[in-house]
Amino acid sequence: MSAFDSVKDTYNFSFSKTEEEILEDWEKLDAFKEQLRRSEGRPEYVFYDGPPFATGLPHYGHILAGTIKDIVTRYACSAGYHVTRRFGWDCHGLPIEFEIDKKLGISGKEGVMKLGIDKYNEECRGIVMRYSKEWETSVIRLGRWIDFENDYKTLDPPFMESVWWVFKQLYEKDLVYQGFKVMPYSTACTTPLSNFEVGQNYKDVQDPAVVVNFPLVGAEDGAAMVAWTTTPWTLPSNLALCVHPEFDYLKVQDPKTGKVYIVAESRLSSIPGAVPQEKKKKKKGKGKEGEEPKEGFKILDKFKGSTLVGKKYEPLFPYFKELGETGAFQVCSDTYVTDDAGTGIVHQAPAYGEDDYRVCLKHGVVRKGETLPDPLDANGCFLPVVSDFSGKYLKDADKEIIKHLKNAGRLVDSSNLLHSYPHCWRSDTPLIYRAVPSWFIKVESFKDKLVKNNNQTYWVPAYVKEKRFHNWLENAHDWAISRNRYWGTPIPIWMSEDGEEIVVIGSIQELQELSGHKVTDLHSHFIDKIEIPSKQGKGVLRRIPEVFDCWFESGSMPYAQQHYPFENKEKFEECFPAHFIAEGIDQTRGWFYTLMVLSTALFDKPPFKNLICNGLVLASDGKKMSKRLKNYPDPKLVVNAYGADALRMYLVNSPVVRAESLKFKEDGVLGVVKEVFLPWYNAYRFFVQNAQRLFQDAKVDFNPNDVDLNQASNVLDRWMIASTTSLVEYVKQEMEAYRLYTVLPYLVKFIDNLTNVYVRFNRKRMKGANGTEDAKMALAVTFDVLMTLCKVMAPFTPYLTEFMYKNLNKCLTKENLSVHWELFPDPQKRQKADEKIQRAVERMQKVIEYARVIRDRQVRPTKLPLKEMTVVHPDQEYLEDVTGELQVYLSEEINVRTIKSSADVAKFCTPKAMPDWGALGKRLGKDMGKVAKGIKGLDAAAISEFETQGEITIEGHVLTAGDINITREFQIPEGADPKNIDAAGDGDVLVILDLKLDEELLAAGTAREVVNRVQKLRKKGKLELSDKVDIFYKIGDKGLDKVFASKKDYFTQAFGVAPKPVSERPAYSVTLIEEECQVGPEGSTFVVILARPAVVPLGGLLDLCGGDKEASSNLLVWLSSLSLSRMEAGQKLSVHLDGKDYSLSEGEHFLWSNFSR
């Protein structure tokens, strides 16, 4: 019995169901842990897994990142490393709090205080792992091997303690400070956000745009500065105006109202009616003239912006009027003012703008440390100090503020503006910029180190590192790490009431020693009651209320996941930085950034060596995937339909792995199944079936160790072995460069070569046409290809490779039960990749391609044999490649009787020379025109000399092979019939076909069609390769008689049995399947019948039974019951039947019907 299990036809095989069976096997084997156990003692390959939130289900973005991580870490393990893979969970921060706020109907700090921080935090803890099981199921189903049992969570005390240690190190390095800073602020989440969080959610919105006048104090002509803003809600907090010192400004007067305004000269048009308009032409058909031209404003004066500095103006609102006595309500100057929008005069509200605060500080409008006019509560509603709009949400107050300004005569113009505006990435509400007290990391003080460390890393793609990330680092601002929230790692600062005594805690032990309290949980509701006695006589120190930004926690994960430095100190220090991380391009301002900041601040090292940055997965229409819109297929349904391997390969073989966007299309996943997996599976299936056939027919149990591939003499055997070595070398090279996206295109080409060249051209050999030893060699080559392919592709397609490996491995004595326990093939231990033979086959494939082009163009299907093909090329080595050992395959594939070659290019072609514009353009400059003319004017002799010498001088310029493109156009040879000859090529090689047909060629073509029809009928009847059948035919058109008679040997070779006319069919023959077919150029019809082989009694059977017809009949029944696999020509059988012993011989007493004769 063959060692291999039988394999299903493609129509009975489900990739998805097979994957589920493999999952069960992995669970039984505990395959992942066994892989880790077997790889213990190897060098450690360190991988950091960026922690997701478990408050939502995984989407295609998570699937993509997880697939990339799994491929790289599986490969690293197969490449000789031990790879610890721990899953991580981001458990703190706004995402969790926002969910609880929605659940409990909480809209601000008051709601949290009313509920109690302890209850609020425990509510948050309760949903942190809400979808963890769904995540685990999804991740495992997608074939990813990662440790969920030994995962890390940012809410665990050991993790939080390491975060405290990180912060204390920064504090002791003098990299921490508290200060006011204008920052993006979410009124919905009542907390400031980091600058890098702002870039995650920009939206196009309509905002009011108002032009407001600010009368100058003491101006005799009543002149007023005119400022423009899209945030009317900031006007009640206005403290200054800002001009550009170098811009020209105009004082202008409205002739209608007499009002005088000051505005930048380049922005005069921003005031309605200020710029003269041409007289409108009289409309056709109208009797009246058009409108009179508008005069525009009168220009009274022109001056530089610097002359306005220090002038005082009347406040818009009275709320902070008293501040005018200390420097407010004056004109300032700064070069940040632009003239591409607005009026060239910017209103300043220092509490709500970074530049506003800086300019006001510089001009003494406000002073450092002083409280700024900020009349909004934490939720963005006006406080009672702004009495006219008290209690109104800032955006809702815009209309009332505009109305108030209009009534007060301060509104010059009002309109709407569509612009891109940042929104909170969690609540989806508009952000504001607001001066808030925060704790900062002094990132700006070590920007040069960040850039230096970034230069030590390797990114795929490189441009994200070199441009996007580099630019972000060069322009990095101090990082605000505090959040005015509750569910997070508390900032471990204990401070006296006057703020002068500060203790920063770096460990649980330190807090216990200083406070005398036992500490079991580090969340705020457990430690905020803990007080530390003052060492300066200031009573007690209490913890500040802020918690860490959750990005600080995720940036600390390299240390915190190992509880460094409290545990695993040596282990961490030996393995830092990590070999590899991967996440989406949005993390350039998120996790990648925080990792780099903290590792640089702590150790002056990059946190990782290699990084793959993926792009965004979008819906098929290019829009963001939306659960609400349901504009993408459910990942579960896609996996159930096509399998996880297909989804993995579709994602990895796309621009998204090069940090570009992917428009997800389900058809693309199906395409992987059709174009890659089915051909691959069919090659595997064909191998197994023929290995089983070898056992059935020759009683040889296939073992690849019995065959020395170094002794392979067949040209395609040597080519396939060389191609497989090249595959190993290529995948190894690309994986070491982290270029995952280059592997599938190479694999597709390789599998195409395997199925459409090697298997296709060697079917007969594998079936034993050239004897058992040759069949074993062809099978051994195919086995080597398939087994190597399993090992090479295991990281990419873990399920399909495992499925094939388990069956292929049965003919070996190795104990490995999983391909994922194997090492990646060593190309040094394989036969060296023979580049010459690979080149020869590539050339053969090119010739086949052009021959097919001619056949298609001339309507000469491949089934019709042609008399002659000529291959034309000036290089004799090229001609030897395609007419040497490969000629027999070339002839069979093109179905041509004779192949000729010719190096006499001039006989068949007219050569033409064209300049390579790309290569020459920049180099030649103005001379390009005359050099191009010279190149185009080269005759055949000059071109031939150029090809021989490798260079030529034209117009004083030496040109080489890369500068000139040589093409050849076919010219019909003298004496040839233009109707019966055609050619195709690429300017390098030319293929010429003689298209003339004769009766013998037509008959051969018809015979080939008959073979095709019978093979299709076998498939239709669901017959296996090993199933032997009798073939009978009934001819409808007499012309086919000659074909079946003259091509008998051809049919016998193709079928293993000679087809017989239906008149010779035994009466007891059993039909398996029958069909009427059409073949030949005239569409001749015949009926083909596939029948089960039968036992045909001979006269010797009755003689053996002494003339006893009943005994003879009983022997015939017994013979008919025998298995087909035991039927052989000339076989001798013994049987004890009805009390008697009989010895029977096939050929003397009976015949095994048609197939054995």
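**Strands, sheets and a helix pair in a predicted model**

Let me start with a pair of strands: β8 (residues 248-253) runs antiparallel to β10 (residues 298-304), and 6 bridges join the two. Strands here are DSSP runs of E with at least two residues, helices are runs of H or I with at least four, and both are numbered from the N terminus; two strands count as paired if DSSP finds at least two bridges between them. What we are looking at is a predicted model, in which local features need pLDDT of at least 70 and side-chain atom pairs count only at pLDDT 80 or more, while totals for chains, interfaces and linings use all residues. Residues are numbered from 1 along each chain as its sequence is written, and side-chain values use heavy atoms, with hydrogens and water left out.

The strands β8 and β9 form a hairpin with 6 residues between them, and in its turn G258 has a positive phi of about 80 degrees.

The order β11-β7-β12 describes an open sheet of 3 strands with mixed pairing. Because β11 (330-333) and β12 (345-348) stand at the edges with a single partner strand each, one side of each is left without a neighbour in the sheet. Neighbouring strands of this sheet are turned by 30 degrees against each other on average, direction ignored, where axes are lines fitted to C-alpha atoms, for helices over the stretch in contact, and angles run from 0 to 180 degrees between N-to-C directions. Strand β7 (residues 240-243) runs parallel to β11 and is joined to it by 4 bridges, and L241 stands opposite V331 in β11. Across β7, β11 and β12 lies helix α10 (residues 354-362), at about 85 degrees to β12, contact meaning heavy atoms within 4.5 Å.

A further open sheet has 4 strands in the order β19-β18-β21-β20, with antiparallel pairing. Its edge strands, β19 (502-504) and β20 (532-533), each pair on one side only. Inside that order, β18 (residues 493-495) and β21 (residues 540-543) share 2 bridges, and W494 has R543 as its bridge partner in β21. Helix α8 (residues 157-172) lies across β18 and β19, running at about 130 degrees to β19.

Now to a pair of helices. The axes of α12 (residues 447-454) and α13 (residues 462-474) come within 9 Å and cross at roughly 165 degrees. That is why α12 counts as roughly antiparallel to α13, given that angles under 35 degrees are called roughly parallel, over 145 roughly antiparallel, 65 to 115 roughly perpendicular and the rest oblique. In this contact K447, L450, V451 and N454 of α12 meet K465, F469, H470, L473 and E474 of α13.

Finally, the whole protein, whose secondary structure comes to 39 helices and 42 strands. Its radius of gyration is 42 Å, well over the 32 Å that the globule rule gives for 1157 residues, so the protein is more spread out than a compact globule; the radius is taken over C-alpha atoms, and the rule is 2.2 Å times the number of residues to the power 0.38. The C-alpha trace spans about 140 × 85 × 65 Å along its principal axes.
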